[in-house]
Each structure stands twice: as structure tokens, then as C-alpha cells.
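I opened this one to see how the chain is put together and which spots deserve a note. Here is the entry as I kept it.

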Amino acid sequence: MAQPIILTATRKAPRLTIGLGALMALALLLLPFLALLPADHPLAISTYTLTLVGKILCYAVAAVALDLVWGYAGLLSLGHGLFFALGGYAMGMYLMRQAAGEGLPAFMSFLSWSELPWFWTGTQHFAWALCLIILAPGLLALIFGFFAFRSKIKGVYFSIMTQALTYAGMLLFFRNETGFGGNNGFTGFTTLLGFSVTATGTRIGLFIATVLLLLASLGIGFALARSKFGRVLTAVRDAENRLMFCGYDPKGFKLFVWTLSAVLCGLAGALYVPQVGIINPGEMSPTNSIEAAIWVALGGRGTLIGPLLGAAIVNGAKSWFTVAFPEFWLFFLGLMFILVTLLLPRGVIGLLRRRRHE
């Protein structure tokens, strides 16, 4: 069974790999403080840039989470956008309660609701909102995964089922009577833990929290990959029948990594919402989940670092193309995906590894 590329590189040059990683982490942790510099300072960055990079980092966490199930366990999920959005909606409920004060959220008043639905109980407390951020995607993934893996659903059938799951969730949240803002979703946030959401200090805090979540996701991923659990996952991906012949039951391994991946996506979505300022059912679109798979494929699945690079490259290119070529940016992105598929079958990390051996 092939060893993950990043693990191989780490074993060959541990000091160089760890040193570069620590340098990048330090740069990301210091980056948001440049927003405090005067606007005319050459190193100053705008709040827009800070928000854009923070959003991309949230996507990077989702890409790392998807790589845990696709790159290591061989489960191509086309429904991770649902878990990302559930975490975002859980945070959005708390933010809407903060903006409404003692009254009802604005969209409920517009729809002539007289009281909060039962599932909004306690959402004015941040601690309960944090529990929802973890429990909503985690429990859904646990229940779905239990029945899917018990029924031995895998391959393209698993991908189709996850895509159907996120599409069903999108249709549900689009309805006004479900109590999640319908088509418009949640917006108009004002405060988070008593601090203004738009304040530069709050933006810096959210950015640092996102960086720490990304580092934690990578740390968990590397720890699992280096353990016996990671080797079993790789065996599930490459030769599941042979693994079962050796006496292992792959269902538990797949269920654990699938649920963990969903929770990481939910946490990423929760940090995404206050930085972007909106959450709506469009985040559950199957297109978003497919795009996440593209990030992983572009960077190099089964590497953890590769999906991070893929998310940064695709979303950075999208932001630049939409400004430079607003009428043709989709064609440029499509061309980039085609070229990567033809020329970089192992992603960006595979290209870097090939150049190192030349």
C-alpha cells in the first residue's frame, strides 16, 4: 500500500518540513495584525483582504476534512457542503439572537411568527451554540454513516447518496416554514460575545481562531495517518476485502473518520459565517461539495497539505478572475481544472515531489 506523500517527505527531511510548516503558521498568525497598521503603511492590509484570506482558510479546513475520508479511507463524499453549512447555521442562530436582543430575529418578525421554534431554545448562549456546531453535523454524519457502512455502500453509490443528502438539506432549508430564514438565510449580524462583528479586533480574533483550527485539523490528520488507525484506513482504501480477511471490521474505522470529518467541516462553517456575514441554503448546494472535491484533487489527495494548497489556489484564482475577467472567469477556472486533470494527475504535491526527484 502506498504511503502518504507528506509522511514520506517528513521522514526524509523532518527538520526542513517542520521548519517550513512552522514558518508558514507563524506568518499566518501574524498576518491579521497588519490590519492594525495605518492605511498608508506599505505592509498594511485591508479588512477586505483579511476577510478574504479568512474565508479561504475556512475552505482549507473543509478540504483537509474531506481528504481524511477521501484520501485515506477512499470515500468520495459529495455532501460535505451540508456539514459545513450546518455548522454555519448553528453559529448563525446565535448571531441572529444576539442581533435581535429580547425580540425575535428579523426574518421571523417579517413572517409574522409569534414565538421562537423549539429548536431555537438556548441559542442565545454561546456555549449551547458551540454544542450545536459540533452535534448537528456530527450526529447527522454518525446516523447516515452507520446505516451506509452497515449496508456496505461504497464507491460511486456512496458519492451519489451523499450528494442526494446535501441536496435534500438544501431544499429543506429553502422553505420559510422550517425557521431558518428561507432563501435569504441569516444576515445582519451585529455582535459576537459582546464584540462588534465588524470591528477590526473581532476580525483578527476570528482569523486567528481559523488558523488555529486549521493547524489542529492538520495535527489530527497527521497523528491519525502515522498511527495504526491510519494504516488501517489506507488498507480500507486500497484493499478492503483483504483487510476483512485479516480479521478487521472496516465499518468502525470508516464511521469514526467520517464523523470526525463532518465535525471539522461544521467548525469551519461556524468560523466562516461571522467573517463573511451571511449564511444561506446556497452553501448546501451540491456544486459546493463538488468544488471541495476539486480542491482536494488539485492539491493531491491523501497528503493533507495538498488539499490546503488546492483550496487556496482555486479560491484565490476565483477571486482574482472575477475582478480581472468578470465575463470569462468561469472559462478560466474550467481550463485550469482540465489542465490539472491532464497534466497533474497527482495534484500540486505530486508535481513538487516529481521535481524534487529530478
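What follows is my set of notes, from the whole chain down to single residues.

**Ground rules**

I am working with a predicted model, where local features need pLDDT of at least 70, side-chain atom pairs count only at pLDDT 80 or more, and totals for chains, interfaces and linings use all residues. Residues are numbered from 1 along each chain as its sequence is written, and side-chain values use heavy atoms, with hydrogens and water left out.

**Whole chain**

I started with the secondary structure, which comes to 14 helices and 4 strands. Helices (H or I, at least four residues) and strands (E, at least two) are DSSP runs numbered from the N terminus.

Next I looked up the overall dimensions. The C-alpha atoms fill a box of roughly 60 × 55 × 40 Å along the principal axes. The radius of gyration is 21 Å, which agrees with the value near 21 Å for a compact globule of 358 residues. That radius is taken over C-alpha atoms, and the globule rule is 2.2 Å times the number of residues to the power 0.38.

How much of the chain is buried? I get 47% of the 358 residues. Buried means under 20% relative accessible area, exposed over 50%, and partly exposed in between (1.4 Å probe, protein chains only).

I also checked the range of the contacts, a contact being heavy atoms within 4.5 Å. Among contacts between residues at least 6 apart in sequence, 76% join residues at least 24 apart.

**Helices α3 and α11**

Two packed helices are described by the angle between their axes and the distance between the axes. For α3 (residues 47-72) and α11 (residues 286-299), I noted axes that come within 9 Å and cross at roughly 75°. The axes are lines fitted to C-alpha atoms, for helices over the stretch in contact, with angles running from 0 to 180 degrees between N-to-C directions. So α3 and α11 are roughly perpendicular; that label covers 65 to 115 degrees, with under 35 roughly parallel, over 145 roughly antiparallel and the rest oblique.

I listed who makes the contact: Y59, A63, L66, D67 and W70 from α3, and A292, A293, W295, V296 and A297 from α11. By class that is 9 nonpolar, no polar and 1 charged residues. Here Ala, Val, Leu, Ile, Met, Phe, Trp, Tyr, Cys and Pro count as nonpolar, Asp, Glu, Lys and Arg as charged, and the others, Gly among them, as polar.

**Aromatic rings**

I counted 24 aromatic pairs in the structure. Rings of Phe, Tyr and Trp (its six-membered ring) pair if their centres lie within 6.5 Å; planes under 30 degrees apart are stacked, over 60 edge-to-face and the rest tilted.

W118 and F119 are edge-to-face, at 5.5 Å centre to centre with 85° between the planes. W118 is exposed at 72% relative accessibility, while F119 is partly exposed at 25%.

F144 and W258 make a tilted pair, 6.0 Å centre to centre and 40° between the planes. F144 sits in α6 (residues 126-150) and W258 in α10 (residues 250-276), so this pair ties together parts 114 residues apart in sequence. Both ends are buried: F144 has 13% relative accessibility and W258 has 1%.

I also found a cluster linked by ring pairs: Y89, F107, W118, F119, W120, F173, F180 and F186.

**Single residues**

Which residues does S159 touch, leaving out those up to four places away in sequence? I found L76 and L78. S159 is in helix α7 (residues 156-174) and is buried at 7%.

L267 lies in α10 and is partly exposed at 22%.

P326 is in the loop between α12 (305-324) and α13 (329-343), exposed at 52%. Its C-alpha atom and that of M108, 218 residues apart along the chain, are separated by 36 Å.

Last, I looked up backbone angles. K152, in the loop between α6 and α7, has a positive phi near 60° without being a glycine. K152 is exposed at 60%. L193, in the loop between β2 (191-192) and β3 (195-196), is not a glycine either, and has a positive phi of about 55°.
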